[in-house]
Amino acid sequence: MHTAGKVWGKTANIFSNPNFEVHRIEVNKGGYCSKHKHKYKFNAFYVESGELEIIIYKNDYDLVDTTVLKAGDMTIAKPGEYHSFISLDLAGPMRAGKIAVAPPVTNKPQATSGKKAWALSAQIAKSQPMAH
């Protein structure tokens, strides 16, 4: 598993193929990711520990959706929606899973359904601790 440093903490790529990625992220106390969007990818955030605020700037209406996630909570940013996140954990780093799903690159159906993908990512994340 490859771990990369970020301004806001670190990310570990747990699984990747052209249509699906699973990353375990660790966000430093007060760390945040700048506002950005993905043209084709859905970004799902699942919090393992701590608190993470996800800000999603909606395209369909003039609102900003702010959601505070705690352990066991999840939310999704759709393709084309600007989004960002910030750690609300004051005690130290928080851990979350970040799953990115893009449309298939071929006409073949995807082998992994959404529920199976979440189960797979949760199983992988639990079995592989993030390198420090």
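Colleague: Why is His-23 called buried?

Modeller: This is a predicted model, and every value is computed from it. His-23 has a relative accessible area of 15%. Buried means under 20%, so His-23 is called buried. The residue is found in strand 3, residues 20-27.

Colleague: What makes the pairing of the side chains of His-23 and Thr-11 a polar contact?

Modeller: The distance given for the contact is 3.4 Å. The limit for N or O atoms is 3.5 Å, and one atom must be able to donate a hydrogen and the other to accept it. The pair therefore counts as a polar contact. A polar contact of 2.9 Å also joins the side chains of His-23 and Glu-21.

Colleague: What makes Lys-41 and Glu-21 a salt bridge?

Modeller: The closest N and O atoms of Lys-41 and Glu-21 are 4.0 Å apart. The cut-off is 4 Å between a side-chain nitrogen of Lys or Arg and a carboxyl oxygen of Asp or Glu, so the pair is classed as a salt bridge. Lys-41 lies in the loop between strand 4 and strand 5 and Glu-21 in strand 3, so the pair ties together parts that are 20 residues apart in sequence.

Colleague: How many salt bridges does the structure hold?

Modeller: The structure holds four. Another of them joins Glu-81 and Lys-58, with the closest N and O atoms 3.4 Å apart. Glu-81 lies in the loop between strand 8 and strand 9, and Lys-58 in the loop between strand 6 and strand 7, so the pair ties together parts that are 23 residues apart in sequence. Both Glu-81 and Lys-58 are buried.

Colleague: Why is the pair of Trp-8 and Phe-85 called edge-to-face?

Modeller: A search of the whole structure finds two aromatic pairs. In the pair of Trp-8 and Phe-85, the ring centres are 5.2 Å apart and the planes stand at 75°. Rings pair if their centres lie within 6.5 Å, and planes over 60 degrees apart count as edge-to-face, so this pair is edge-to-face. Trp-8 is in the loop between strand 1 and strand 2 and Phe-85 in strand 9, 77 residues apart. Both Trp-8 and Phe-85 are buried. Ring pairs link Trp-8, Phe-45 and Phe-85 into a cluster.

Colleague: How do you know that Phe-42 is partly exposed?

Modeller: The relative accessible area of Phe-42 is 40%. Phe-42 lies in strand 5.

Colleague: Which residues form the nonpolar patch on the surface?

Modeller: Phe-42, Tyr-46, Met-74 and Ile-76 form the patch, with about 350 Å² of accessible area together. Strand 5 and strand 8 each supply at least two of its residues.

Notes: Residues numbered from 1 in each chain as written. Predicted model: local features only at pLDDT ≥ 70, side-chain atom pairs only at ≥ 80, totals over all residues. Heavy atoms only, no water. Phe/Tyr/Trp six-rings, centres within 6.5 Å; stacked < 30°, edge-to-face > 60°. Helix = DSSP H or I, 4+ residues; strand = E, 2+ residues; numbered from the N terminus. Buried < 20%, exposed > 50% of the residue type's maximum accessible area, 1.4 Å probe, protein only. Patch = residues over 30% accessible without salt bridge, like charges linked within 9 Å, V, L, I, M, F, W, Y side chains within 5 Å. Areas by Shrake-Rupley, 256 points an atom, 1.4 Å probe, with all protein chains shown as cover.
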